[in-house]
Structure formats: C-alpha cells, structure tokens
Amino acid sequence: MTTSRRNFLRLSAGSAAMAAGLAACGTSGPKTTGGSSGGEATGTGATYWYLTGQPQQGLREAQVKRFNDANSGTQLKTTTFQNDAFKQKIKTAIGAGQGPTLIWGWGGGGLKSYVDAGQVEDLTSWFGENAALKDSIFPSAFGAATVGGKIYAMPVETTTPIVLFYNKTAFEKISAEPPQSWGDIMDLVPKFNDKGIAPFSLGGQSRWTNMMWLEFLFDRIGGSEVFQNIFDGQANGWSDPSALKALEEMQKLIKANGFIKGFSSITADSNADQALLYTGKAAMMVHGAWTYGGMKGAGGKFVTDGHLGYMNFPPVDGGKGDPSDTVGNPGQYLSISSKASDADKAVAKKFLSTATLDDASVDAWVKSGSIPVVKSSGDKLASVADKNDAEWLKFVYKTSSEAKVFAQSWDQALSPTAAETLLDNIAKLFQLSISPQQFADNMNKVIGK
Amino acid sequence: VTAAAPIVVRARRTSSHAGRSGSVAWMALPALAIFTVFGVVPLVGVLLLSFVQWDGLGALHPTGFSNWSSVLSDPQLPHSLLVTFEIMILSWAVQTPMSLLLGVFLAGRQRYRALLAVLYFVPLLLSSAAIAITYKALLDPNFGLGAGLHLDFLAQDWLGKTNLAIGVVIFVVSWQFIPFHSLIYQGGVRQIPTTMYEAASIDGAGRIRQFFSITLPQLKYTIITSSTLMVVGSLTFFDLIFVLTAGGPGDATRVLALDMYKRGFQANLMGPASVIAVLLVLIGLALALLLRRLGGSTTASQQEGA
C-alpha cells in the first residue's frame with residue numbers, strides 16, 4: 001500500500017500501463033492545479049510535485065487541501081506525474097532551474113546527486129529547531145535522507161519493507177509448510193513444479209524485481225556489511241566470497257525453475273506478478289509491502305478470505321546475516337529546493353512541519369493499509385477494524401521496527417550511474433547470460449561512481 | 001532523438017532545388033529559420049555536450065575526448081550497432097515486399113479495395129506507445145492471447161528470449177508501418193500511365209509479367225523513397241522498443257537510440273549519451289546519402305525516362 005518508486009498504478013492493468021507508457025513518452029501532459037505556472041520555482045509561490053496512483057495520490061491531495069484551507073495567504077500549487085515520467089522530469093527540471101519548491105523523492109543516491117549539485121536545502125538546523133518533529137519519526141528513516149552527516153530531506157509517508165508473500169491454498173495443495181530456510185525453498189521448488197504451480201512469481205522485465213532477491217541473499221549469506229562495503233566504495237566489494245555465493249545460489253534457483261516460466265516477459269507495472277500469486281498460478285512472491293493494497297483490491301476474495309500469507313525472508317543455512325534484517329524503502333522523502341525564494345521556502349517548511357505527518361495524515365495512511373514513518377503509528381494499529389488489515393499492519397510494523405538493519409533498496413541507495421549498470425547486469429544474471437564472476441567484475445568497475 | 005530524420009530531408013531538398021530556384025530562394029527562409037533553431041542549434045549543443053562531463057544537474061566539466069574514447073571502446077557500442085542494423089535490415093526486408101504488394105493491390109479502383117485501404121490504415125492512427133502496450137499485454141505468457149485462447153504455441157516467453165524478442169519487435173514495427181508504405185506505393189502505382197499496361201496486354205504480357213516489367217521499374221523512385229524512410233526511420237525507433245521490451249531481455253533489443261536514452265537519462269551520463277547522439281546523426285546522414293546514390297542523380301521523372 002505504501003508509496004515507492006515501484007508503486008506503479010494499481011488501476012486495471014491495461015489502462016494503467018497505457019497511461020504510464022504515454023506519460024513516459026511525454027505525450028500526456030502533467031496536471032497542474034492552482035494556476036498555469038506550476039512549474040516555476042521562484043516568484044510565483046511554493047510548488048509541490050508528486051506521483052499519481054491511488055490510494056497515495058488521494059492522501060497527498062487531501063494533505064495539500066488541508067494545508068491550503070488552513071493557510072489562506074500561502075497557497076501550495078501542485079502538479080502530478082506518473083511514476084516513471086516523474087523520475088526523468090524532476091531531474092531535468094531541477095537541472096534547468098525549473099524544479100518545484102518541494103522535491104518528492106526516494107532519498108539515497110538520487111538525493112545525493114541533488115546535494116552534490118547544490119540544488120537542495122540543508123535541513124539539519126531546521127530539524128534542530130523542530131526537535132519534537134524529528135523525534136516523532138523513525139530514526140531508521142533518516143539514513144537515506146542524510147548525506148555527509150547533514151539532513152537534506154524529511155522522511156514522510158510510509159515505510160515499506162520487502163516481504164515474502166505466499167498463497168496458503170497453494171501450500172495446502174502440496175501439503176507443505178511455508179519455508180523456514182533457503183534449503184526449504186529449494187526443496188519446495190520441485191514439489192510445486194510437479195503440481196503445475198510455479199514456485200515463485202516474478203516480474204523479471206522490470207529488473208528491480210530481481211534485485212530484491214539479491215538484496216536478501218546478500219544479507220542472509222554475508223550480513224548487511226557486504227552491501228555496506230560496496231556502498232562505502234570499497235574496491236572489489238562485489239567479489240566478496242559471500243556475494244559470489246549469493247549470486248550462485250540465485251542462479252541455482254533460476255536453473256531449478258524456481259520462477260514462473262516466461263518471467264523475463266512479465267512486468268511489475270502491469271501488476272501481472274501479483275496476479276500470478278492471487279490466481280494460484282504461483283505459490284510465492286518476494287515483493288514490496290505496497291503490493292498488499294493491490295492484491296486486496298484486485299484479487300477478489302484472496303486477501304479478505306485470508307488466503308494471503310506473508311513472512312520475512314527466511315535465513316540461509318550457515319549464513320552470517322541477522323534474520324531480522326530487512327530491505328526496502330525506509331520512507332519517502334521531501335526536500336526543499338535551494339533555488340526557491342525565502343518566502344516559498346518558509347511555506348514549504350510550514351507544509352513539512354504541519355501537514356505531512358499530522359494526525360489526519362497518519363490516520364489516513366494507516367487506514368490505507370500502510371505504516372507511516374512516525375513512532376506513534378504503532379498506537380494507531382489497535383483502532384484498525386478489519387481483521388486482515390490489522391494483522392498485516394502489525395506484521396509490517398514489527399518487521400520495520402524490529403529490523404536490526406533496514407537497508408535501502410540498492411538502486412535507490414547507489415548513484416543513478418551505478419544503479420543503471422546494476423540493473424543491467426542483474427537482468428543478464430537472471431537470463432543466465434553472465435556468470436556470478438562476470439557480474440562481480442562488471443559491477444566492481446562502477447564502485448564509487 | 002529525431003534529429004537525424006529532418007536533416008536528411010532538408011539536405012535532399014535544398015541540394016536538388018538549388019540550381020534552378022535562385023529568384024525564389026527566399027521561400028526557403030521560414031523553413032531554414034525553424035530548422036536552424038530546432039535542428040542545427042540543438043545539434044551543435046549535443047556536439048559540445050559530447051566533450052563535457054555532465055550529470056544533468058550540476059556544473060559542466062570539459063573532459064576533451066574522454067567521452068568519445070570511453071564510448072568507442074565500450075563493448076556495448078558494437079552490440080547496440082549490431083542490434084540496430086539487425087532490426088533495420090530485417091524490418092526493411094519484411095516491410096518492403098509486403099507494402100509493395102499491398103500498395104499494388106490497393107491501387108486498383110474496385111470499391112472493396114477502397115474499403116480495405118481504410119482498414120489497413122488503422123494501425124497508423126495509433127501511437128507507438130499504445131501499440132507496444134497492447135502487444136505486451138497480448139503476448140503475456142500467463143495472461144495473454146495464448147492463455148486466453150488455450151493455444152500453447154502462442155504462450156511463449158515472447159519478450160524474454162533474445163531471438164523471439166527481436167522477432168516480436170520486427171513484427172510490431174512492420175504491423176505499424178506497412179500501412180504507411182503501402183500508401184506510398186499505392187500513390188506510386190496510380191501515377192503509372194494506364195497506356196503502358198494497355199500496350200503490354202496487347203503485346204500479350206500477363207499480370208505477373210506486367211508487374212515485373214512495368215510496375216516494378218516504374219516504382220524505382222518510390223522504392224527508394226520508401227526505403228530511405230524505413231532505414232533512416234529505424235534509427236529512431238525508440239518509443240516502441242522502450243515500452244515493449246525496454247531493451248531487454250538483458251540488452252538483446254537495446255538499439256542505439258535506447259542506449260543513448262539509458263545512458264543520458266537513467267544513468268545520468270549526458271556526455272557519453274551525446275556521443276551516441278552524434279553517431280546516430282552521422283549514421284543517418286551516411287545512410288540517406290548512400291540511398292540517394294543508389295537511386296542515381298538524375299532528377300528526370302520516371303515517365304520521361306521510360
């Protein structure tokens with residue numbers, strides 16, 4: 001349910017994907033409210049760009065409306081974009097000095113590139129003045145907002161770990177229990193294949209879907225330091241023995257037909273990977289917490305009748321990683337453009353402190369099936385009426401808050417240059433067209449870039 | 001992305017009319033002005049960008065020829081070139097005979113053919129992105145056409161296997177553009193004087209003989225025009241492939257235009273992306289010139305020559 005860059009549309013597959021495709025090609029214009037000058041950063045009032053896609057879009061609209069109603073003198077103008085279109089548009093606009101006052105993003109490497117270019121405001125002292133606000137947010141969410149010891153963005157919206165979803169009916173069919181270890185997973189693969197059920201669903205064409213698997217295998221086999229070393233720029237970090245072992249295990253699962261036939265043709269933006277799970281064509285799926293809402297909305301009685309199971313990714317036998325570790329998006333982030341006028345910056349800061357994580361927003365996020373990035377969200381869970389939702393929210397809250405390490409998705413943590421090379425090589429690794437050693441060699445070349 | 005095509009068209013026009021149109025040269029000014037602003041100026045910008053390091057956000061850092069040497073020594077470049085030419089040649093080889101035959105067929109004056117011509121025209125009305133999304137949905141191995149009709153041979157891993165993915169791209173490109181080229185051929189065939197066919201039938205030539213001895217030679221320039229559009233146009237295939245396969249599986253369908261986009265806008269390497277953009281322009285110009293050469297330099301019309 002929570003927002004992330006992966007949170008592509010969850011309307012019907014066809015029309016949603018069509019809109020995404022059109023927007024990505026720049027043929028469908030963005031929608032602007034409050035006047036025609038929504039794209040200008042200076043002089044015309046504070047502006048805010050954010051993503052389309054329900055239920056998050058409705059929540060963001062409501063936040064802006066509440067803010068504008070409460071502050072009649074300082075109106076915030078909004079422009080909405082499709083997910084993929086947004087990523088390129090915001091970068092180009094900021095580079096051209098035409099970016100919005102409030103810059104929505106995923107933190108990490110993307111934020112660092114804005115910081116390096118001097119495009120975003122240092123919020124460290126502002127958080128010093130607003131200590132209560134800072135203390136109300138999960139501390140783990142600040143990691144991806146911090147560059148060189150300074151905070152450049154405020155964590156807003158929700159925390160979304162990646163989890164292992166499974167279809168309980170599929171497990172009943174082969175009379176098996178959900179896997180408790182990587183060994184169990186490998187044992188389950190032939191059993192499901194014999195029954196004509198694909199062990200795992202995967203939207204392999206989207207590439208970052210494959211990446212989530214490697215994120216867990218690296219962590220479970222070698223511990224969180226393996227990727228941390230790569231992130232810190234240690235030479236040859238990708239050829240760490242644990243990393244190579246993880247890549248080998250990955251290819252073992254692919255060779256054993258662990259994923260649905262034709263997974264390279266399937267994309268996550270059409271939600272076909274979720275459909276495979278809830279239609280029972282696949283038994284399990286490793287995916288972001290944000291897919292819960294999609295499966296609940298589109299899967300008929302799959303979620304409401306309690307057929308959806310979920311768990312943290314199981315440990316690998318003999319691995320060094322802490323089984324409580326998780327990966328995903330610790331939060332979404334709002335930064336303030338350093339090019340905006342002082343008046344606009346003040347409006348933006350007021351929006352951050354009063355309208356993004358206020359009680360109404362927190363309630364709305366919980367109601368939509370997500371855990372907002374504030375500590376108080378745990379207390380709100382008791383008030384959730386729906387039994388399935390309550391159980392799910394407790395699980396997400398527990399996974400996020402009890403994780404020893406909540407690592408950010410690799411493609412968000414790394415610089416855009418390294419992330420593109422990574423996704424490219426992951427696609428080839430899953431095609432079995434390169435070996436683990438070749439993968440490591442290719443990736444070692446972009447460490448620190 | 002589309003910088004290559006207009007240049008080619010302009011270059012051809014100005015060179016073929018330069019000799020005899022001195023007094024009306026001013027008529028070219030509006031087009032020239034637009035072309036300078038939207039064609040030449042960005043092109044010069046791209047050329048300059050190919051010598052700097054820029055991530056699209058921060059300051060420009062001149063780097064001399066390092067972008068060029070890094071791109072030219074990157075094994076991705078020959079691969080992308082190969083894929084580009086593979087798709088160019090195969091899509092030309094599929095489209096040309098089919099559009100030629102369809103064009104000849106549609107040139108007939110029968111009413112049912114006029115109706116068919118309208119139907120054939122439909123794919124041209126759709127945007128590439130919409131076509132790509134539709135085919136992607138139809139070809140989905142689990143929820144697509146194969147699964148819906150319970151036809152196993154249609155439930156292939158269409159976009160996940162290298163050869164199949166290239167085949168799908170060529171099929172969709174052909175499906176989209178054959179109507180356009182048929183239209184060009186239809187116009188070309190209707191220009192051929194009917195007296196030539198009458199004379200041929202008096203001489204006892206059958207339909208097939210007429211096709212090879214009259215229609216085909218008379219369509220020489222139409223074939224060259226259509227081929228130029230196909231070949232140069234295929235350099236700029238981007239939207240369709242981007243939406244359909246995103247260059248995958250792996251990099252099996254990563255054509256030059258896609259490689260340029262990925263480097264520039266996804267990996268934030270504007271310098272190397274500009275190098276590829278310049279290469280695209282050069283290849284497009286070279287191909288257009290080559291095709292013009294093949295057609296001969298005479299400007300006499302087909303009828304006069306015949």
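At roughly what angle do the axes of helix α14 (residues 256–266) of chain B and helix α15 (residues 270–294) of chain B cross? In this predicted model, the two axes cross at roughly 160° and come within 7 Å. Angles over 145 degrees count as roughly antiparallel, and α14(B) and α15(B) are therefore roughly antiparallel to each other. The crossing in which α14(B) passes α15(B) is left-handed.

Residues from both helices build this contact. On the side of α14(B) they include B:Leu256, B:Met260 and B:Phe265, and on the side of α15(B) they include B:Ile276, B:Leu280 and B:Ile283. By class, the residues of the contact of α14(B) with α15(B) comprise 11 nonpolar, one polar and two charged.

The contact between the chains comes next. Chain A contributes 37 residues and chain B contributes 33 residues. About 2,700 Å² is buried between chain B and chain A, and carbon and sulfur atoms give 56% of this area.

Side chains of opposite charge can pair when their charged atoms come close. Over all chains, the whole structure holds 21 salt bridges, and three salt bridges are found across the interface of chain B and chain A. The table lists two examples of salt bridges.

| Residue | Partner | N to O distance |
|---|---|---|
| A:Lys428 | B:Asp251 | 3.2 Å |
| A:Glu157 | A:Arg60 | 2.7 Å |

The pair of A:Glu157 and A:Arg60 links distant parts of the chain, 97 residues apart. A:Glu157 lies in the loop between β7 (154–156) and β8 (158–167) of chain A, whereas A:Arg60 belongs to helix α2 (residues 56–70) of chain A.

Definitions and conventions. Residues numbered from 1 in each chain as written. Chains lettered and ligands numbered in written order. Predicted model: local features only at pLDDT ≥ 70, side-chain atom pairs only at ≥ 80, totals over all residues. Heavy atoms only, no water. Axes fitted to C-alpha atoms, helices over the stretch in contact; angles between N-to-C directions. Helix = DSSP H or I, 4+ residues; strand = E, 2+ residues; numbered from the N terminus. Parallel < 35°, antiparallel > 145°, perpendicular 65-115°, else oblique. Left-handed = near helix turned anticlockwise from the far one by under 90°. Contact = heavy atoms within 4.5 Å. Nonpolar A, V, L, I, M, F, W, Y, C, P; charged D, E, K, R; others polar. Buried area = accessible area lost by both parts, 1.4 Å probe. Salt bridge = Lys/Arg side-chain N within 4 Å of Asp/Glu carboxyl O.
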